[in-house]
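Please keep the sequence and the coordinates at hand while reading.

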Amino acid sequence: MTLASEQIDRIVGNQHHNPFEILGPHQVSNNGKTAWVVRSYIPNAESVSVMIPEARQEYAMQSEHHPHFFSCTIDLPELSNYQLKITEGGHERVIYDPYAFTSPLLSDFDIHLFAEGNHHRIYEKLGAHPIEIEGIKGVYFAVWAPNGRNVSVIGDFNCWDGRKHQMARRANGIWELFIPELKVGTSYKYEIKNQDGHPYEKTDPYGFYQEARPKTASIVADLTVHKWQDEEWIEKRRHTNALQQPISVYECHLGSWLHAAASEPAQLPDGTTSPVVTVSDYNPGARFLTYRELADKLIPYVQNLGFTHIELLPIAEHPFDGSWGYQVTGYYAPTSRHGSPEDFMYFVDRCHQAEIGVLVDWVPGHFPKDGHGLPFFDGTHLYEHADPRKGEHKEWGTLIFNYGRNEVRNFLYANALFWFDKYHIDGIRVDAVSSMLYLDYCREPGEWVANQYGGRENIEAADFLRQTNHLIFSYFPGALSIAEESTAWPMVSAPTYLGGLGFNLKWNMGWMHDMLDYFEMDPWFRQFHQNNITFSMWYNHSENFMLALSHDEVVHGKSNIIGKMPGDEWQKLANMRCLYAYMFSHPGKKTLFMGMEFAQWSEWNVWSDLEWQLLQYPPHQQMSQFLTDLNYIYRHEPALYTQDFDEAGFEWIDCTDTRHSVVSFVRRDRHSDECVIVVCNFTPQPHAHYRIGVPEHGFYHELFNSDARKYGGSNMGNLGGKWADEWSIHNRKFSLDLCIPPLGVSIFKIDRERTAAAYEWRDNNAIEGT
């Protein structure tokens, strides 16, 4: 079978959409018998021959039209697993011919599902996958680049030469190639040429691993090697209603929680290597901790503090440390700053074994303009909108996903599911949801395009979020999906079948702003701003809220939490305790950013560690102990979490005492008659004989007092508890006569055993007539 020179030129010029039509084995008839023509294009090769190991035969190939295009005819009825012996630069090497293998990994049905945006595990098809075909191990590559003229796999293994491993185009613009004998750990990229032949070197959008920055290549990874030991945790999660559980989240940025000394060897599993030797450009005396080291250091620390979950600022690969992870280039790759994908699996596994859930920040709202990433991926605006009025986020210098394109939505749907599936995470916190929902977000008039109804709502983005949450809860019951959404968009945390966006929690940004505004003011002025404290309960049941004091509140000149507080050091610390105690007793799940637990003075600095040296001083030790005890009370009192989102779970006792800036309320358990009484004094003025109404008679044990001496407080309290009097106040028959500590929060619960014992003693003595 003779080829036209034009066909050979297309291969040599790397312009053919399907090199399998030309290269590899092709069955022909030779004098009436079955034979094979084998063609190969090996740039820079001096000679090539076909080797058939089983027959111990070798066939020399001849140059055809071009000095590096070779062919030969083999008179055999069957031809499989042959090899090419290549002489190049005086050296010989033997390879299997990539064009002799047709991969079964990507079916026509896979392509169909992807085209309509419904392939929920497309990450198992696209990307780089170690597989075995006809007994030969190698790596299968597939990438979506519908507007590319041609696509190649490049890497160290082929000297980054796009002519050597040209991919074949399938339907819907998916390109694929199996490269035999390629191994896990190989670095690679895709060379994509646009219709004018201009080449772009791109990281794999579905790549599971990337080189440590500043390098940008993807790395072939095997996500099946880790042996998970969290089956009990996963099964328990499946049958748990997260909204009725205590959720206390420690928000953490792994790169600045703690560094290791540059001279300290990285902790790695035996027999493996890792790129975790990176030294911070801004902290040259330190290196990043590995995921395995973090498992040994961070997990016990969070466990001792009593948090139920760790939330990681974006863990997906990103090129710039200073972006905190929010400018993602590798959506399917945990950052290599801390190790390999298996190392991150180990970290999550260890968290679950310690009964700590793992949440990750997920960033589907925008992506950076870095040339190796998603922008202009195949020479066109593939992942982003072409119109900058829809496709560019000028404030952040990033691009916005085109949520109207099926394959782009599929990329993001599957990515959310991927982290649950492959890394066993327990939830996502979706960043910047407001920027997704509004077409005019941070845009001036004339800089945005209205939707089809003339409105400012991004209907495509809202539909995308609904579908994402629907899929998450369909595949992973018991998971969390948390929205960072700062507007009044309705039903953010309502189920999709009711028309909501489908999140099960929403950050309460209004509560956060009201609280910080309130606590930043001098306590004397708080009497005029009682509404800051009470307003949240007017809308509390409109959404499933999470109360968050996050990283955003301790950067960019805002000061850390303790620095926001008025007064001297004692009052600052007392105000912090008061804020935290009110937060943990107020309805809603909880999130605190790292460093807040021990009253770090400095703002968060992404380039350095937390101020761990402060823990040598008693005030900071006491704050850490305070938060540990607060978490304990929160987790062990069902009244504080089982009815966060039901009106029956909260009742004001008194919220009108503006003169004293005191509020009191009841929190009730869903599954019993138990309740706790919370009394908050937001000024430094203590109050003796302060009376509040209570639901029933009995002895009320003082479970918690934020002013206790062990926390650095003045130790004013109620000697362990108080008996209720038959004294009507606040529309209740019974009341407590309390000592209210300064800038303090006290939590009381009826002691039913002591109350019952007292009644029994009274009844017995009444019978005896004494």
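How many bridges join β12 to β13, and do these strands run parallel or antiparallel? Two bridges join β12 to β13, and the two strands run antiparallel.

## Basis of the model

The model is predicted, so that local features need pLDDT of at least 70 and side-chain atom pairs count only at pLDDT 80 or more, whereas totals for chains, interfaces and linings use all residues. Residues are numbered from 1 along each chain as its sequence is written, and side-chain values use heavy atoms, with hydrogens and water left out.

## The chain as a whole

The chain contains 17 helices and 39 strands, where helices (H or I, at least four residues) and strands (E, at least two) are DSSP runs numbered from the N terminus. Taken along the principal axes, the C-alpha atoms fill a box of roughly 125 × 60 × 55 Å. Of the 770 residues, 60% count as buried; buried stands for under 20% relative accessible area, exposed for over 50%, and partly exposed for values in between, with a 1.4 Å probe and protein chains only.

The accessible surface of the chain comes to about 30,200 Å², of which 50% belongs to carbon and sulfur atoms; accessible areas come from the Shrake-Rupley method with a 1.4 Å probe, and for residues only the protein chains shown count as cover. Among contacts (heavy atoms within 4.5 Å) between residues at least 6 apart in sequence, 71% join residues at least 24 apart. The mean positions of the 63 positive and 99 negative charges are 1 Å apart. In that count Lys and Arg are positive and Asp and Glu negative, while His and the chain ends are not counted, and each charge is placed at NZ of Lys, CZ of Arg, CG of Asp or CD of Glu.

## A four-stranded open sheet

The strands β9, β10, β13 and β12 form, in that order, an open sheet of four strands with antiparallel pairing, two strands being paired if DSSP finds at least two bridges between them. Its edge strands are β9 and β12 (168-169), each of which pairs on one side only. Strand β9 (residues 127-133) pairs with β10 over seven bridges in the antiparallel sense, and Pro130 stands opposite Val139 in β10. The two strands form a hairpin with two residues between them, and Glu134 in the turn has a positive phi of about 55 degrees.

On its other pairing, β10 meets strand β13 (residues 174-180), again antiparallel and over seven bridges, with Ile174 in β13 as the bridge partner of Trp144. Strand β13 also supplies Trp175 as the bridge partner of Arg169. Strand β10 (residues 136-144) is largely enclosed by the rest of the structure, because eight of its nine residues are buried.

## Surroundings of Phe418

Phe418 lies in helix α8 (residues 406-423) and counts as buried because its relative accessibility is 0%. If residues up to four places away in sequence are not counted, Phe418 touches Tyr123, Phe208, Leu223, Tyr332 and Tyr423. The C-alpha atoms of Phe418 and Val360, which are 58 residues apart along the chain, are separated by 12 Å.

## Salt bridges

Side chains of opposite charge can pair when their charged atoms come close. With a salt bridge taken as a side-chain nitrogen of Lys or Arg within 4 Å of a carboxyl oxygen of Asp or Glu, the count comes to 37. One of them joins the side chains of Asp343 and Arg292 at 2.6 Å, N to O. This pair links distant parts of the chain, since Asp343 belongs to helix α6 (residues 341-353) and Arg292 to helix α5 (residues 291-305), 51 residues apart. Asp343 is buried, with a relative accessible area of 2%, and Arg292 is buried at 9%.

Arg429 forms a salt bridge with Asp431, the closest N and O atoms being 3.2 Å apart, and both residues are buried. In the salt bridge of Asp463 and Arg466 the N to O distance is 3.0 Å; both residues lie in helix α10 (residues 459-475), three residues apart, about one turn of the helix. Asp463 is partly exposed, with a relative accessible area of 42%, and Arg466 counts as partly exposed at 24% relative accessibility. A network of salt bridges links Glu637, Glu674, Glu696, Lys749 and Arg752.
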